[in-house]
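Here are my notes on the model, for you to read with the structure open. Have a look through it before you go on to the points.

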Amino acid sequence: MFPTPIERTSRSWQVTYQALLPLALILWLLPLIAVAIFSVKPDADFANANYWGWPSSFEGFTNYALVFTGSDMPQYLLNSFKITIPTVIGAVALSCMTGFALGIYKFKANIWLFFMFVAGNFVPFQILMVPVRDLTLQMGLYNTITGLVLFHIAFQTGFCTLFMRNFIRALPFELIEAARVEGIAEWKIFWYVVLPLMKPAIAALSVLIFTFIWNDYFWAVVLTQGVESQPVTAGITSFNAQYRAAYHLMSAGSIVAALPPVAMFFLMQRHFIAGLTLGAVK
């Protein structure tokens, strides 16, 4: 049922595995390497079709400086933080409460409420595009950071509830029963007993949602337009001129846009791994 661990396979297969692993890693990193190379090339290299060759001159400092001083990239980055941070806080906070209710309390409609939270994750984005856009227009939230934040919170809460509910159900229920025997109110059980035990899950979920929302492009294009509200994923396209694209600046902007989620992951790596593996073994 499960694959055989590599150390238990034949010597020939181990050698083949070790030889193919670096190749697979290079192929996986090739697009990122290409973007990094493009970001330090001058604009003339693209006009001369020097895509993969050595840069004719190193323009990395100039390109990255232009990204911040010659474009609206700082505003796009600020918009992304304004969208991502409230979304993470809102979605995780709501899912902690809904996960507690669905994971602790036993009632007839429990499974159906849980199904409604989870079912939204299986609806393709393309189906929701027109009704969500019309809804934001009717509510006056189109092309606003608030509208994009509210939509992301509503849509991400389903996945977050699935994550939190399963995590809470794995906690020792004896702790809840002991607190109830002592006469502690339910909200205090959630705040003082369950929530401290959820810190690894909260950290892991925060990293995931931060990455999802920061890298979102589809809804950024559908629900926003213009410098005042678009996040960085959509703002990178501003380097496209009417007749040609500034690929060197677009590549530099892409590298800059990718740094915050990467930094978030490395800063929270210990908590992220602990949250994903907690309860995997006893």
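1. Pro 55 first: beyond its neighbours within four places in sequence, Pro 55 is in contact with Val 40, Lys 41, Asp 45 and Asn 50, where contact means heavy atoms within 4.5 Å. Pro 55 sits in the loop between α2 (43-47) and α3 (60-69); helices here are DSSP runs (H or I, at least four residues), numbered from the N terminus. Pro 55 is buried, at a relative accessible area of 16%. For that label, buried is under 20% relative accessible area, exposed is over 50%, and partly exposed is in between (1.4 Å probe, protein chains only). Pro 55 and Val 40 are 15 residues apart in sequence, with 7.5 Å from C-alpha to C-alpha.

2. Before going further, the ground rules. This is a predicted model, in which local features need pLDDT of at least 70 and side-chain atom pairs count only at pLDDT 80 or more, while totals for chains, interfaces and linings use all residues. Residues are numbered from 1 along each chain as its sequence is written, and side-chain values use heavy atoms, with hydrogens and water left out.

3. Now α4 (residues 73-104) and α5 (residues 110-119). Their axes come within 9 Å and cross at roughly 145°; axes are lines fitted to C-alpha atoms, for helices over the stretch in contact, and angles run from 0 to 180 degrees between N-to-C directions. The crossing of α4 and α5 is left-handed, meaning that the near helix is turned anticlockwise from the far one by less than a right angle, with clockwise giving right-handed. On the α4 side the contact uses Thr 98, Ala 101 and Leu 102, and α5 brings Asn 110, Leu 113, Phe 114 and Phe 117. By class that makes 5 nonpolar, 2 polar and no charged residues. The classes count Ala, Val, Leu, Ile, Met, Phe, Trp, Tyr, Cys and Pro as nonpolar, Asp, Glu, Lys and Arg as charged, and the others, Gly among them, as polar.

4. Look at Thr 161 alongside that pair. Thr 161 belongs to helix α7 and is buried, with a relative accessible area of 0%. Setting aside neighbours within four places in sequence, Thr 161 contacts Ser 95, Thr 98, Gly 99, Leu 102 and Phe 117.

5. Next, α8 and α9, which pack at an angle of about 145° with their axes 10 Å apart. Their crossing is right-handed. From α8 the contact takes Leu 175, Ile 176, Ala 179 and Arg 180, and from α9 Glu 186, Ile 189, Val 193, Val 194 and Leu 197. These residues divide into 7 nonpolar, no polar and 2 charged. Glu 177 is also in helix α8, and counts as partly exposed at 40% relative accessibility. The C-alpha atoms of Glu 177 and Ile 189 are separated by 9.8 Å, and the two are 12 residues apart along the chain.

6. How far does α9 (residues 186-197) reach from its first C-alpha to its last? The 12 residues reach 16 Å, close to the 16 Å expected at 1.5 Å a residue, the expected span being 1.5 Å times one less than the number of residues. Ile 189, Phe 190, Val 194 and Leu 195 of α9 are buried. Seen down the axis of α9, these buried residues fall within an arc of 145°, so they line one face of the helix; the arc is that of the directions from the helix axis to the C-beta atoms. They pack against α4, α7 (145-169), α8 (173-181) and α10 (199-214).

7. Two loop residues deserve a look. Val 123 lies between α5 and α6 (125-138) and is partly exposed, with a relative accessible area of 31%. Not counting residues up to four places away in sequence, Val 123 touches Leu 128 and Phe 155. Asn 143 is in the loop between α6 and α7, and its phi is near 60°, a positive value in a residue other than glycine. Most residues other than glycine have a negative phi.

8. Last, Leu 249 in helix α13 (residues 247-267). Leu 249 counts as buried at 14% relative accessibility. Its contacts, leaving aside neighbours within four places in sequence, are Asn 63, Leu 66, Val 67 and Phe 239. Leu 249 and Pro 42 are 207 residues apart in sequence and 9.3 Å apart in space, C-alpha to C-alpha.
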